[in-house]
Amino acid sequence: MNLKEKDAKYIAGTYARFPLEIVKGEGSVAFDEDGKKYIDLSTGIAVNTFGFCDEVWQDAIKEQISAVQHTSNLFYTNPCTELAEMLCERTGMKKVFFSNSGAEANECAIKVARKYAFDKYGDYSHSTIITLKNSFHGRTITTLAATGQDVFHTTFAPFTEGFVYAEPNDIGSVEELASKDNCCAIMFELVQGEGGVCPLTQDFVNGLKEIAEKYGLLLICDEVQTGNGRTGELYAFMNYGFTPDIFSTAKGLAGGLPLGATLMGEKVQNTLTPSSNGSTFGGNPVCCAAAKSIISRIDDNLLNEVKEKSEYIIKTLSSADGVKGVTGMGFMLGIETEKDAKEVISACREKGVIVISAKTKVRLLPALNIPWDILKEAIEIIIDCCKGE
Ligand SMILES: Cc1ncc(COP(=O)(O)O)c(C=O)c1O
């Protein structure tokens, strides 16, 4: 049996894989089993922050894995505490809960919001959370319920109750739900990633802030995909000039090792109490050492480079033949193509560039440190693949 056949035989059938086995990677370049080279603009869906097998990141992991690989949360470990300090200092948040994935980080955010409301009102009268249509918040039963897309609300019912869905960029639709006096929070991605790389407008976000104040609601940002430098700021809310009460992140946080984090601001910093949450692997020292190395390298210089390269991509692609438009921010971009996105993605792969889809768009999620020459080569190939016959 070859790998493809074995995979089909033994792996649960949840993923539609590309016909490609990646056997080795170096920075923004990957190689398949035949040694064919690819420029990777997908970073494992916004995970490999500094590309494949970055040496500084590897050294941080090697040092920690040869000291202590895991202890359980019954003990103190240095990387976990230091990472929490680093994240709080860089974001203005007060406390961190570590987990393993985006869905789990969102579950925690939801628990914090509901417990905050329970502690405040002494009952469950304000347990509802407003999320946005076209959002994506994860695959657990609760985060599927939080996801504002009907296609995710089938098959696995009953889902967790207490989510209502507003239209993105339509503040009236948020206020209509907020005014019902049964909500505790509004939860949203600032750039809807799986929904097609759709940023929220500044006006809408300003409106969310006003509504949150008016109705006493918490603001929760899902920064699972947008976080850790991806949008040209350390976290996407920094592009919009506000600080949420809670935000979740995962994906790029540890640069390719599993780590989720839920950050809590002043209002909710004491909401989680002993036994109100927990995670065996959450805050694992190796993952936290990796994340410390990643976060410490996302500085102003790097973020400015991301912005500059992003502008180049947007400008170059926007005027290209076969491109209808480019959406997104920083290194989280969606290309609206005249051809079917899947056709463009396959053509790019044939020509040695890995890109993925987001709804009907071609999605680009390059490594934050992708060199100019490699980026330019990839963009030329994308332009070529978008062209009409
Ligand atoms: C915005 C957002 N939230 C949550 C998730 C779920 O993250 P995970 O797959 O790590 O559970 C994703 C994954 O794509 C995401 O993009």
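Tutor: Two residues are in contact if their C-beta atoms, placed from the backbone, lie within 7 Å. Please bear in mind that this is a predicted model.

Student: Leaving aside its neighbours within four places in sequence, which residues is Leu208 in contact with?

Tutor: Setting those sequence neighbours apart, the contacts of Leu208 are Val174, Ile186 and Leu219. Leu208 itself belongs to helix α8, residues 202-215.

Student: Is Leu208 buried or exposed?

Tutor: The general idea is a count: a residue is buried if 20 or more other C-beta atoms lie within 10 Å of its own. Leu208 counts as buried because it has 26 C-beta neighbours inside 10 Å.

Student: Let us turn to the sheet. In what order do its strands lie?

Tutor: For strands to pair, DSSP must find at least two bridges between them. Here seven strands form an open sheet of mixed pairing, in the order β4-β12-β11-β10-β7-β5-β6. The edges are β4 (95-99) and β6 (163-166), each of which pairs on one side only. On average, neighbouring strands of this sheet are turned by 20° against each other, direction ignored.

Student: How does strand β11 pair with β10 and with β12?

Tutor: Strand β10 (residues 218-222) runs parallel to β11 and is joined to it by three bridges; within β11, Phe247 is the bridge partner of Cys221. With strand β12 (residues 260-264), β11 pairs in the antiparallel sense over four bridges, and Ser248 stands opposite Thr262 in β12.

Student: Which residues of β11 are buried on each of its faces?

Tutor: Strand β11 (residues 246-249) is covered on both faces. Ile246 and Ser248 are buried on one side, and Phe247 and Thr249 are buried on the other.

Student: Which strands do helices α4 and α5 lie across?

Tutor: Helix α4 (residues 78-91) lies across β4 and β12, at about 130° to β4. Helix α5 lies across β4, β5, β7 (183-188), β10, β11 and β12, and runs at about 25° to β12.

Student: Which residues come nearest to the ligand?

Tutor: There are 14 residues around the ligand, of which Ser101, Gly102, Ala103, Val224 and Gln225 come nearest. Helix α5 (residues 102-121) supplies the largest share of this shell, three residues.

Methods: Residues are numbered from 1 along each chain as its sequence is written. This is a predicted model: local features need pLDDT of at least 70, side-chain atom pairs count only at pLDDT 80 or more; totals for chains, interfaces and linings use all residues. A residue is buried if 20 or more other C-beta atoms lie within 10 Å of its own, exposed if 12 or fewer, and partly exposed in between; C-beta atoms are placed from the backbone. Helices (H or I, at least four residues) and strands (E, at least two) are DSSP runs, numbered from the N terminus. A residue is near a molecule or strand if its C-beta atom, placed from the backbone, lies within 6 Å of it. Axes are lines fitted to C-alpha atoms, for helices over the stretch in contact, and angles run from 0 to 180 degrees between N-to-C directions.
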